[in-house]
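This report works through selected features of a protein model, moving from individual residues to helix packing and the nonpolar core. Please keep the sequence and the structure in view while reading.

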Amino acid sequence: MPSSVSPATSASRPSTDLVARLSSSDLQVQLKALRDIKNQIIGNRTKKLTFIKLGAVPAVASVLADAFDAASCCASSSDLVVQSAAALGSFACGVDAGVRAVIDAGALPYFVRLLSSSDEKVVDSGARSLKMIYQSKLAPKYDFSEKVNMDFLLSLLNSENENVNGLGAGIITHSCETSAEQKVLCDNGVLLKLIDFLEGSISQRDASLESLASVMKDNTEVTSKFVEYEGGRALNLLVKLTSERSTRTRLLACACLIIIRNVSPGYLKGKGIETKLICYLLELLEEPGQVGDEASFTLSSFIEDKEDLQKLAFDANAIDLLCTHLQKDLLQPQRLEGILLALAHICSRLEVCRAKLLPMQAFDSVNDALRHDCADVRAAACMCMRSVSRSVQNLSAGFFMNEKIVLPLLQLLHDPTLSVQLAALRAISNIVVDFRTRKSSFVRWGGVKQLVQLSMSMNPSIRSNSLWALKNLTFDADNKCKEGVYGELTASSLASLIGDPEPPVQEQALALVRNLIDGSLDSVQYVFAEDSIVLDAVGRQLQRASTAEVGMQGMYVLCNVASGGEVHKDAVMDQLLRDTKNSSSPFITQFLQSNDSRLRTASVWVVVNLTTPSCRGVSSRIGKLRNAGIISQLKNMVNDPCLDVKLRVRTILGQYMTFGDS
């Protein structure tokens with residue numbers, strides 16, 4: 001009985017046969033095999049991976065090496081060089097596994113040698129393949145500080161071959177990351193050469209624009225040289241390119257102008273360019289393919305954290321246009337992600353933008369994107385949800401505290417992708433600020449239990465963000481909500497989080513305790529549970545606080561405790577003056593001398609609550625504060641530059657005088 005053959009095995013045989021033919025002694029057989037492989041893998045990721053697993057890349061690289069050595073005496077060998085180089089370039093195009101395989105096969109030195117050939121077809125094949133390689137993050141970086149590398153780069157930029165010019169620009173785009181690299185490129189005339197390419201062919205222009213973005217990014221000196229070149233000629237060329245027929249050129253020109261604006265907004269002021277850039281990018285959203293995909297990301301980066309530009313985008317009807325695209329069927333993940341990010345950033349600061357988006361039907365698409373198969377889309381949807389949930393008006397109306405929004409976000413807390421988890425936590429942190437009457441719903445849906453579990457994560461960012469959400473949940477919460485949170489966390493876990501090795505976690509843990517004990521006197525008892533384990537942890541952390549933020553939150557914890565009765569005030573005094581026998585001054589004195597007004601404010605509030613005249617034992621506490629040098633420090637702060645500090649200090653000194661300055 002004949003043995004059966006699986007479809008997968010049968011389908012792989014032609015591929016295996018093609019790879020085997022690469023070892024043929026007949027050059028024509030090799031040539032046909034190369035062409036067949038190249039034709040099969042172009043634009044086909046699955047085929048590329050199949051051939052890579054079969055060992056096709058080192059086999060093709062071997063053909064290239066042998067053919068290159070024989071190319072000077074045989075026309076067929078020259079054809080083999082061109083076809084093998086083209087095939088290797090195709091393997092590397094858009095597939096990191098292909099790039100890695102080509103590099104591991106040792107093909108890069110041969111590509112470089114091809115650039116010196118007298119045969120233009122050979123030169124083009126080498127340049128194109130290297131350009132494919134340098135579009136990947138896996139490509140080796142060029143150290144421009146080494147003369148040999150700079151000489152090589154300049155030879156590429158000065159070549160008469162446009163593909164070679166494009167390779168040089170691609171190497172710059174890939175390798176230029178630091179201000180030192182930007183400077184050395186500029187000092188060697190690269191900036192001027194790239195400016196010249198702006199008046200060249202489409203391929204030269206586009207390659208130049210990408211490189212210029214890398215050379216100018218966040219660099220005031222290089223950007224100034226570009227803008228001021230020949231009385232603004234380079235800048236005028238750039239502005240002109242935003243109206244080019246080629247949509248790719250227009251997009252890249254917009255990106256360069258955005259970089260210039262980010263470095264120094266003054267260069268574009270009064271020209272109306274900012275509004276035009278937003279309109280150009282919104283127009284480019286209509287384009288199919290890569291240009292349309294990248295337009296939304298470029299718009300997003302342009303308006304991020306810039307309220308004035310977000311207002312311009314709103315006035316340009318950006319929300320309506322973005323929502324129209326958002327509701328289109330079968331959007332590719334990259335395009336959907338870009339649109340969501342653009343909406344997230346346009347709604348991050350302005351209530352008018354949020355008010356525009358929330359009632360629209362497109363908001364349902366944002367919610368649906370929380371369940372998308374692509375992790376980047378889910379993260380972008382969370383970012384959008386975070387931005388719109390900053391609306392105090394809609395939070396107070398309970399718009400976000402419903403199962404349709406909260407349950408998908410809670411599910412994303414266990415997403416396998418870290419960026420999605422963090423984005424979901426940040427969205428939840430906003431939503432749980434909701435008013436008291438609806439916080440119980442979040443507890444009922446299991447939100448507190450999940451946040452507490454994540455606060456014990458091995459990842460410090462997850463720990464700090466989950467604590468941030470719990471802190472917001474307990475803000476102005478009723479006793480039942482606080483009891484639920486504290487019951488899940490426990491005193492020992494809280495103490496452990498306060499002593500976490502990471503300052504951001506320490507800060508959020510202390511801020512959570514601050515909110516837990518704010519309000520009723522019963523809540524203050526949380527820090528005294530289990531032999532005051534939480535309060536002792538606060539005191540220890542304040543003694544070694546590494547940031548002003550940690551110190552500030554810890555002092556507000558003590559401030560809230562000190563607002564209680566005599567027992568509570570005395571417990572705070574013990575923390576303030578602990579171990580002072582072995583120290584020149586207590587930590588509160590150092591905080592009162594801090595340059596950070598927030599830390600000084602928190603510290604004086606603690607003393608205000610400790611010296612309230614109506615409380616018993618105040619005379620004894622004032623005496624201890626005076627003996628520790630704290631009153632003396634406060635006397636030096638009567639004219640503190642911070643008004644809040646100055647007023648509180650004068651209140652304290654007034655209370656001090658009530659009991660006599662003796």
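Predicted model: local features only at pLDDT ≥ 70, side-chain atom pairs only at ≥ 80, totals over all residues.

Ser-532 has a relative accessible area of 18% and is therefore classed as buried, the cut-off being under 20%. Ser-532 belongs to helix α35, and its phi is near 60 degrees, a positive value in a residue that is not glycine.

Leu-330 is another non-glycine residue with a positive phi, in this case of about 55 degrees. Its setting is a loop, the one between α20 (318-326) and α21 (333-346), and with a relative accessible area of 81% Leu-330 is exposed.

**Helix α32 and its surroundings**

Helix α32, which spans residues 491-498, is mostly covered, with six of its eight residues buried. Those buried residues are Ala-491, Ser-493, Leu-494, Ala-495, Leu-497 and Ile-498, and they pack against α30 (460-474), α31 (479-489), α33 (503-516) and α35 (529-543).

Ala-491 lies in this helix and has a relative accessible area of 1%, so it counts as buried. When residues up to four places away in sequence are set aside, Ala-491 touches Tyr-486, Ala-529, Glu-530, Ile-533 and Val-534.

**Buried positions in other helices**

| Residue | Relative accessible area | Class |
|---|---|---|
| Gln-182 | 4% | buried |
| Ala-491 | 1% | buried |
| Ser-532 | 18% | buried |
| Asn-609 | 14% | buried |
| Val-645 | 0% | buried |

Leaving out neighbours within four places in sequence, Gln-182 is in contact with Cys-176, Ser-214, Val-215, Met-216, Lys-217, Asn-219 and Val-222. Under the same exclusion of residues up to four places away, Asn-609 touches Cys-559, Ala-562, Ser-563 and Lys-569. Val-645, again without residues up to four places away in sequence, touches Ser-597, Arg-600, Thr-601, Val-604, Met-637 and Asp-640. The C-alpha atom of Val-645 is separated by 41 Å from that of Ala-379, a residue 266 places away along the chain.

**Two helix pairs**

Helix α13 (residues 202-216) and helix α14 (residues 220-228) pack with their axes 8 Å apart and at an angle of about 135 degrees. At that angle α13 is oblique to α14. On the α13 side the meeting residues are Leu-212, Val-215 and Met-216, and on the α14 side they are Val-222, Thr-223 and Phe-226. Val-215, Met-216 and Val-222, which take part in this meeting of helices, are also among the contacts of Gln-182.

In the second pair, helix α16 (residues 247-263) packs with helix α18 (residues 289-303) at an angle of about 15 degrees, and their axes are 10 Å apart. The angle makes α16 roughly parallel to α18, and the crossing of the two helices is left-handed. From α16 the residues Thr-247, Arg-248, Leu-251, Ala-255, Ile-258 and Arg-261 meet Gln-290, Val-291, Glu-294, Ala-295, Thr-298 and Phe-302 from α18.

**The largest nonpolar core**

Which members of the largest nonpolar core touch the most other members? They are Phe-226, Met-555 and Leu-634, in a core that has 226 residues. This core draws at least three residues from each of domain 1 (1-140) and domain 2 (401-485).

Met-555, when residues up to four places away in sequence are not counted, touches Leu-542, Leu-576, Phe-587, Ile-588, Phe-591, Leu-599, Ala-602, Ser-603 and Val-606.

Technical notes
Residues numbered from 1 in each chain as written. Heavy atoms only, no water. Core = buried A, V, L, I, M, F, W, Y, C linked by side-chain atoms within 4.5 Å. Buried < 20%, exposed > 50% of the residue type's maximum accessible area, 1.4 Å probe, protein only. Domains from an automatic or database assignment. Contact = heavy atoms within 4.5 Å. Axes fitted to C-alpha atoms, helices over the stretch in contact; angles between N-to-C directions. Helix = DSSP H or I, 4+ residues; strand = E, 2+ residues; numbered from the N terminus. Parallel < 35°, antiparallel > 145°, perpendicular 65-115°, else oblique. Left-handed = near helix turned anticlockwise from the far one by under 90°.
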